[in-house]
Structures are given as C-alpha cells and as structure tokens.
Amino acid sequence: MNKKLIYIVFFFCLVSMGAYAQDGWGEESGEIEDVEINIIKDLQITLPKANRNFEKIPPLTTDDKPANLQYFFSNLNFALPDIDVKMRPLRIKDESLNKLYGNYVKAGFGNYATPYLEAYLNNKRSKEYSYGAHFNYLNSAKGPVDGKNSGSGNLDLDLFGKYFTKNATFSGDVGFNQRKYHFYGYPEGIELDEDTLKQSFNDIYVKAQVESANKKSPFHYTLGGQYDRLSDKYDARESEGQLFLKSNYDLNEDAFIRLNASLSSISRKDELVEKQSRTLFKLRPTVGFDLEGFKVEAGFNLAYENDSLGDGDKLHFYPVAQASYPFTESIMIYAGIRGDMQKNSLRSLSTQNPYMRSNVPIYHSNKDFDLYGGFKGKLGAKIAFEAGLSVANYKNMYFFVNDSTDQSKFDIVYDEGNTAVVNIFGEIGINSSEKLRVAVRGDYWGYGTDGIDEAWHRPNYKLSGLATYNLYGKFLFDAELYALGGMKGRDNDGDAVNLSPALDFNLKTEYLVSDQVSVFVKFNNIFSKEYELYYHYPSRGFQFMAGLTYNF
C-alpha cells in the first residue's frame, strides 16, 4: 500500500476524532468512547497513462535579405559661449651665452735665433659690424749657410672690418707686409759684402668690396677693388690697381646665368726698366642648366692684354664648358675644357721665388686650353675622395734658372713656343667625429717644352699629407708631410742638374691648460734634410719652437 495514502487516511481519522470530542465540550462526562479503526491495506489507486509528445519543433523560416535601412542626418546648429581662459605661461630662465674669446696672443722662441709673436684682436658679438686687427712677426736671425748670412723673416699688419645690412655686406682691409731674405746661394770661399746679400719686399695694400646678402633674391654678386704698392731693396717699384665682379642670376631651380669680370692695371719701374704699364681685362659669361641628370655650364672667356712677348695677340678667346653626372648616389663624374690668361707680376713672382735678380722680364702666361676630367664622391659620412687628369697647353710659360753671372740670383726664362703639361692627381679626406682629420693628396706632372731644354725647377711629383687629432679635448696634435721631387736646375755651363728629393715632416703639439691658456711645442723638418727647392739654396735642417697662447 502506498505510504502516502496511509498518511492521508490517518490524518482524516484524527480530524474526525477531534470533531466528535468538541461535541461534548463543557459537559461533566468527559470519557472517550471506544472507536475501532479499520485500515484497509489492499486499496490500490491507479491513474491513466499520460501521452508524451516527442516530435521536434520545426525551425522558423526567416528571410536572409537584409532590410533596407534609411538613415536621416539632421544638422544641429548651436553656439557655445566664448571661453575666456586665463593662463600664466611658465617662464623659462634665459640661458647665458658662453663667454667669447675673440682675441689671442701667441708667443714663442725657437732655434736659429727665431722669435715669434702673433696677435688677433676682434670685437665681440655684434649683428651690425665686425672689425679687428692681425699682427704677425717671425724672424730667424740665422739660416743654414754661414749663420746670419742666410737669415729670413716676415712682418704682417692687417686692419679689417665688415658692416652688415639686410641686402648687402660691406668689407675692407688695409695692411702692410714685409719679407726679408738673404742671397746665400753664393759659392764657398769668396769674399762677400754683407749688405749686398740683403733683400726685402715691402707691400702696402688696400681692399674694399660689397657682397649681396639677400639669399631670397635670385641675383647674387660680389664687387670689389684692390690697390697694391710693392717695393724692394734694389729700387724696384710696382703698383697695381684691380677691379673685379662675380655675379650669378638664378633663372629657376635648374638654370642660371653667371658673369665674372676683372680689370688689372700694373705699373712697374726698376733700375734698368723704364716705367711701363700693362693692362689685363677678362670677361667670362656662362650659362648653366640641368639636362636629364647632367649639370652643364658653358660659355667663353675673353681676355685682352698688351704684353709684347710672343705672338703679340691682344685679344684672346677661350671656350669654357663643364659637365657633371651622378654616376652613382655617392660618385660624381665630370669633364670640361677651359683656358685663361694667367697674370704674372713682380709681387706674385717674388712670393714664389724671392731670390730673383733685378730687372727681370715679366709677362703674362697664356694657357691656350686645359682639358680635364675626373670623379669625386663620398664613402659614408666620413670619407671624401677625388681623382682626375688634365692636359694643358701653355704659351709664354715662365721658369726660374740661376743667373749665369751670379749663381745666388735667379733669372726668368719663357718658353715662347708650346709647353704641354699633364697632371694626374688623387686625394682623400677623412673626418671622424671632429677628433681625427686626415687629408692626403698626390700629384704627378709631365712637361713637354718647345723653346727651352727643361722645365727648370718644376717638380714631377708632390705628395702632401695633413692630419689633426684632438685627444680628450686637452691635447691637439697637428702633423704635416711633404715630398717633392723630379726638379732640375741649370748650372753655369747650361747643363741640367738633378736636385735631390725634398722630404719634410712637421709636428705640432698643443696642451690646453684652460679656456684661456695653452702651451705648444713645434718641430719642423724632423728628418733634418737640407733639401733644395732652388739650386744652391739648401733649406734649414731640424727646427724647434716652444711657446704660449693666451685667449681673452
């Protein structure tokens, strides 16, 4: 029998008993009558079976096509009130400029009884002008031959200034230069008058020029003039006035017009040379443009001169053209042709060779043409290089030879025919982090003379090297190396003499004690080779100098 059914029957029995008991509530007789309860055990209650539905609900079908949605945009126009923001900017403290040491004085003393004094005086920072002065004195009382009989020295004094405006920069210089020498190439064992050995050149000059300063303008120019007056110990006088113009006009980013012009008037008088005037005028217009990667500049050079040497032509015409092309991103190749009338004066020739005799003939040299070509480029950001070749032809090219009557003095001879000159060169430069800088260049020259036997005192090769190194910002090292050879001199019999190669190695070391004080030690011709750049004129051997520099 189901237990739940038994519990239900039992519950109703109790309820009915309670109902009968309440009927006699309050009566005196409260006895409970005997009651018989029959529990039927075999009663069964059956329920009909329920039907269960196991069929799946079919899925609802939907339309896969997206609904056409329409969007409507409405412009909302509303105005916001102005915001008045009051900010207090943060003020950065102005950085003070580093103290500028624009002036310095350098002094030293070396062997061969050589005092040295140099000074630069300049104004400090200014946007409107700059001015200053330069003084240099270097004098060796003794030389390589007979002590004071081969001494030499120089004195320079220069005053300069610039004035800056928005569109132009004005500059000027006035100065004095003195160079002293001795004719010490005399034969050994002869009696000498020391006064006849002395030679000196005094040069007074004045320069002025104006240069465009507006970089936005397509027209750029430099216009200037210069006057020099040179005199020597033997009554030679030379005055020269010069005017020059350099101009450039940019047509656009890829084209320009360039015009250069110069005028020189030279007046000279010597002991045996009456006053003579020589004029040289040059005009060089060119046009430059870019053409499919090529940069081209072409034009002509026109020169007028009134020298009487050679063929006597007064007007000379030279073609001028140059083209360059970027062979790679880092290599540029170039080639061209040019020609020019090279100016020669007593001042330029005496600077090259101060041991000339009096009354030497002076004429300009005519470079008929110069064919050249080469390439240049960079290897990274630290190495630059260039190599090239040129073939030129000269007329009236000058050469120095020892005078047949006095071997201590030089005469000038000219090749009035054609002089062919071939030059092959190469150079490389290294700049490493502003600490190490190295530059090396090598040149070879070949000469073919027509009217003279040899290219007297012209070198066949030259090797030069320069290097600087900054160690910890305290030690500065400068080194120079020169090698020169293949030169020939002419003896009294007219025969050629091979001069020994010149090898010169110089070293300078400077220690920076402070921002204002430094000390230096300088060594020249460390190999102590008394080589001859001119026949009978040996150079000084080992040279030493020590000194001090003060900046203020």
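**One serine, then the cores**

Modeller: Let's start with S365, which sits in strand β14, residues 365-379 (a strand is a DSSP E run of at least two residues, a helix an H or I run of at least four, numbered from the N terminus). This is a predicted model, so local features need pLDDT of at least 70 and side-chain atom pairs 80 or more, while totals for chains, interfaces and linings use all residues. Residues are numbered from 1 along each chain as its sequence is written, and side-chain values use heavy atoms, with hydrogens and water left out.

S365 counts as buried because its relative accessibility is 2% (the cut-off is under 20%, 1.4 Å probe, protein chains only). Its side chain makes a polar contact with that of N344, at 3.1 Å (N or O atoms within 3.5 Å, one able to donate a hydrogen and the other to accept it). Leaving out residues up to four places away in sequence, S365 touches D340, M341, Q342 and N344 on one stretch, plus K395, N396, M397 and Y398 (heavy atoms within 4.5 Å).

Of its 23 residues, L349, Y355, M356, F400, I412 and Y537 touch the most other members. α3 (346-352), β15 (383-402) and β16 (410-432) each give two or more residues to this core, and β16 gives the most, with three. Y355 touches Y181, H182, F183, Y184, S408, K409, F410 and Y537, again not counting residues up to four places away in sequence. There's also a second, separate core of 11 residues, including Y394, V401, W445 and W456.

How values were computed. A nonpolar core is a set of buried Ala, Val, Leu, Ile, Met, Phe, Trp, Tyr and Cys residues joined through side-chain atoms within 4.5 Å. Buried means under 20% relative accessible area, exposed over 50%, partly exposed in between (1.4 Å probe, protein chains only).
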